[in-house]
Amino acid sequence: MATITECRGALDRLSDNLARADDGVRGAAALERSLSCHITDLDTTFTGRLADGRIRVDGTVEGPPPAKAQIRLAMTGDDLVAMVDGELNFAKAWAGGRVRLEAGFRDLLRLRSLL
């Protein structure tokens with residue numbers, strides 16, 4: 001089982017990957033939105049923002065997200081690490097119910113290019 005430190009590292013690597021991505025992906029990630037990522041097996045939520053094509057983690061809280069972020073993710077720590085490491089395809093994990101992504105309709109349309 002991935003640790004909180006490993007999950008935080010995976011989010012940092014994902015942020016770096018978004019910043020280095022091609023224009024199409026970077027454009028899709030150029031939203032200014034609040035973000036939460038609930039790690040279900042650790043019952044911990046990372047909170048922050050998606051801004052300027054990067055993920056900025058502001059903190060962690062125990063349990064589910066205390067407030068409704070504009071973009072909400074939920075998955076196990078192992079799935080987060082596997083996705084960032086390229087071992088798990090996000091679209092397949094999302095379609096299979098291993099990853100939950102909730103956002104407004106317009107945001108989902110923009111984020112689809114990240115899938």
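What share of the contacts in the protein between residues at least 6 apart in sequence join residues at least 24 apart? I looked this up first. The share is 59%, where contact means heavy atoms within 4.5 Å.

**Ground rules.** I am working on a predicted model, in which local features need pLDDT of at least 70, side-chain atom pairs count only at pLDDT 80 or more, and totals for chains, interfaces and linings use all residues. Residues are numbered from 1 along each chain as its sequence is written, and side-chain values use heavy atoms, with hydrogens and water left out.

**Overall layout.** I found 5 helices and 5 strands. Both are DSSP runs numbered from the N terminus: helices are H or I with at least four residues, strands are E with at least two. From the N terminus on, I read the order α-α-β-β-β-β-α-α-β-α.

**Surface.** The protein has 115 residues, and 41% of them count as buried. Buried means under 20% relative accessible area, exposed means over 50%, and partly exposed lies in between (1.4 Å probe, protein chains only). The protein exposes about 6400 Å². Carbon and sulfur atoms supply 51% of that area. The areas come from the Shrake-Rupley method with a 1.4 Å probe; for residues, only the protein chains shown count as cover.

**Strand β1.** I turned to β1, residues 33–39, next. It is mostly covered, with 6 of its 7 residues buried. Which strands does β1 pair with? Strands pair if DSSP finds at least two bridges between them. One partner is β2 (residues 44–51), antiparallel to β1 and joined to it by 7 bridges. Here I noted Arg 33, whose bridge partner in β2 is Leu 50. β1 and β2 form a hairpin with 4 residues between them. In the turn, Asp 43 has a positive phi of about 45 degrees. Another partner is β4 (residues 71–75), parallel to β1 over 5 bridges. On that side, Leu 35 has Ile 71 of β4 as its bridge partner.

**Aromatic rings.** I found 1 aromatic pair. The centres of the Phe 90 and Trp 94 rings are 6.2 Å apart and the planes stand at 35 degrees, so the pair is tilted. The rule takes rings of Phe, Tyr and Trp (its six-membered ring) with centres within 6.5 Å; planes under 30 degrees apart are stacked, over 60 edge-to-face, the rest tilted. Phe 90 and Trp 94 are 4 residues apart in helix α4 (residues 90–95), so about one helical turn separates them. Trp 94 is partly exposed, because its relative accessibility is 32%.

**Asn 17.** This residue is in helix α1 (residues 4–20). I logged Asn 17 as partly exposed, at 33% relative accessibility. Its C-alpha atom is 8.6 Å from that of Arg 54, 37 residues apart along the chain.
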